[in-house]
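Thanks for taking a look at this with me.

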Amino acid sequence: MGILAAVNSVYWHEFFFMLFAGISVVFAVCVLVTQNIVRMAFYLVLSLGSTAGLFFLAGAEFVGAMQLMIYVGGTLVLLIFGVMLTAQQRYVKMNTHPTDWVLATIVGGSLLVMLIGAAVGVDSWKDSTASKRALESLDADDARTATPLGLALTGVRVDKLDSDPALAKGQSGYLLPFIIVSVHLLVVLIGAAYMARTKRSATAPVGRAERARLNIMQMEHETDDVVYLASKQSSSSLLGSSQKQAEESTDEAEE
Amino acid sequence: MFGFEITPVIAAITVSHYLIVGAILFVIGAVCMATKRNALGILMGIELVLNGANINFIAFGSRYLRDENLGLDGQLISLFVIVLAAAEAAVALAIALNFYNNHNTIDIDRADELKG
């Protein structure tokens with residue numbers, strides 16, 4: 001009974017919200033502040049992972065799962081691969097000029113003040129009655145959004161079945177955006193794979209095996225030239241000039 | 001000061017709390033895009049910005065926080081934002097790799113050959 005009372009006395013919703021929001025914000029600040037690109041990638045993983053936790057708290061369980069799968073498990077892994085492929089020599093530091101920091105802080109700070117002022121300025125957004133009601137009578141079925149989301153993507157809005165008939169025309173499914181995004185992903189896949197293919201660039205460093213092969217090819221070319229020149233000189237010295245002219249004409253005919 | 005009262009932190013969570021978190025992530029992402037010299041750091045700023053917007057959409061679409069909510073619309077738009085952000089990160093990474101292969105540096109301050 002003591003444990004139950006202790007568990008009941010904690011404001012769990014607020015605790016988890018503060019936990020996820022705190023981790024998200026703190027690691028986003030770490031992404032901003034750190035100079036090491038690999039640490040930046042890992043702090044971003046943590047920040048986006050706790051954003052998924054915020055999604056779960058708000059009842060968007062499918063979107064939270066997709067955030068973890070697509071963002072954390074896909075996009076950020078891709079970014080880490082990019083960090084690996086563009087790695088320069090160790091501990092290279094690219095520092096930003098302090099003027100840029102001051103300007104960015106001024107602009108970002110004013111934007112933040114305006115956004116937070118708007119966030120706390122609207123009365124209907126500060127209303128906590130729905131939140132308190134949800135705490136009293138929470139129904140787990142409400143958070144099962146995967147099937148309604150899937151049906152909405154095919155064009156059927158099962159969450160708006162009993163809505164006002166006058167508004168029903170505007171509550172459409174999401175089939176067209178779904179198809180557009182599918183084609184968009186296909187195009188992006190082909191384009192990115194083509195753009196990022198391995199190319200032989202003029203400034204690519206050549207290894208020892210390559211250099212040896214290039215040297216051998218160069219020597220073969222040189223010996224071919226030497227043999228050709230030697231054959232021409234020998235033919236001109238041994239034979240007469242007329243025969244040389246006949247040879248040259250046959251050479252041109254062969255060519 | 002702005003015409004609102006400082007609500008205690010332990011009060012019930014409202015949409016405003018989510019919006020503040022979204023705003024902070026958005027601004028941090030924007031400053032990250034503005035100040036990082038590594039091209040991949042700029043990509044990470046873009047991811048933070050899109051996540052801030054997603055938190056806003058989810059908060060407005062949550063039926064636990066508001067009675068007149070967006071419902072599934074907020075979550076669907078959020079899904080599309082996630083997918084489009086992944087696609088855009090792939091293309092931007094391909095561009096960054098090409099830049100690195102041609103200039104042997106990932107510093108975008110070196111990308112100044114297109115002038116005027």
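1. A definition to begin with: two residues are in contact if their C-beta atoms, placed from the backbone, lie within 7 Å. Among contacts in chain A between residues at least 6 apart in sequence, 42% join residues at least 24 apart. For chain B, 50% of the contacts between residues at least 6 apart join residues at least 24 apart.

2. A word on conventions. This is a predicted model, in which local features need pLDDT of at least 70 and side-chain atom pairs count only at pLDDT 80 or more, while totals for chains, interfaces and linings use all residues. Residues are numbered from 1 along each chain as its sequence is written, and chains are lettered from A and ligands numbered from 1 in the order in which they are written.

3. Both chains are helical in their assigned elements. Chain A has ten helices and zero strands, and chain B has three helices and zero strands. Helices here are DSSP runs (H or I, at least four residues), as strands are (E, at least two), and the numbering starts from the N terminus.

4. How much of each chain is buried? Of the 255 residues in chain A, 18% count as buried, whereas in chain B buried residues make up 53% of 116. A residue is buried if 20 or more other C-beta atoms lie within 10 Å of its own, exposed if 12 or fewer, and partly exposed in between, with C-beta atoms placed from the backbone.

5. Now the interface between the chains: 77 residues of chain A are in contact with 73 residues of chain B. On the chain A side, the elements that give two or more residues are α2 (12–33), α3 (37–57), α4 (61–85), α5, α6 (129–136), α7 (146–154) and α8 (175–195). The most comes from α5(A), with 13 residues. By class, this side of chain A divides into 47 nonpolar, 22 polar and eight charged residues. The classes are nonpolar (Ala, Val, Leu, Ile, Met, Phe, Trp, Tyr, Cys and Pro), charged (Asp, Glu, Lys and Arg) and polar (the others, Gly among them).

6. Please look at the pairing of α5 (residues 98–121) of chain A with α1 (residues 15–35) of chain B, which pack at an angle of about 165 degrees with their axes 9 Å apart. Axes are lines fitted to C-alpha atoms, for helices over the stretch in contact, and angles run from 0 to 180 degrees between N-to-C directions. The two helices are therefore roughly antiparallel. Angles under 35 degrees count as roughly parallel, over 145 as roughly antiparallel, 65 to 115 as roughly perpendicular and the rest as oblique. Residues that meet here include Trp101(A), Leu111(A) and Ile116(A) from α5(A), and Leu19(B), Ile24(B) and Val31(B) from α1(B). The contact of α5(A) with α1(B) has 16 nonpolar, four polar and one charged residue.

7. A second pair has another geometry to check: α7(A) and α3(B) pack at about 75 degrees, with their axes 11 Å apart. That makes α7(A) roughly perpendicular to α3(B). Pro148(A), Leu149(A) and Ala152(A) make the contact from α7(A), and Leu72(B), Gln75(B) and Leu76(B) from α3(B). Five of these residues are nonpolar, one is polar and none is charged.

8. Which residues touch the most other members of the largest nonpolar core? Of its 73 residues, they are Val31(A), Ala58(A), Leu79(A), Ile28(B), Leu40(B), Met44(B) and Ala59(B). Such a core is a set of buried Ala, Val, Leu, Ile, Met, Phe, Trp, Tyr and Cys residues joined through C-beta atoms within 7 Å. The elements giving two or more residues to this core are α2, α3, α4, α5 and α7 of chain A, together with α1, α2 (39–60) and α3 (72–103) of chain B. Here α1(B) gives the most, with 13 residues. Leaving out residues up to four places away in sequence, Ala58(A) touches Tyr18(B), Ile58(B), Ala59(B), Ser62(B), Tyr64(B) and Leu65(B).

9. Two single residues deserve a glance. Gly49(A) lies in α3 of chain A and counts as partly exposed, with 19 C-beta neighbours inside 10 Å. Not counting residues up to four places away in sequence, Gly49(A) touches Leu68(A) and Val72(A). Asn104(B), in the segment after α3 of chain B, has a positive phi near 60 degrees although this residue is not glycine. Most residues other than glycine have a negative phi. Asn104(B) is partly exposed, with 14 other C-beta atoms within 10 Å.
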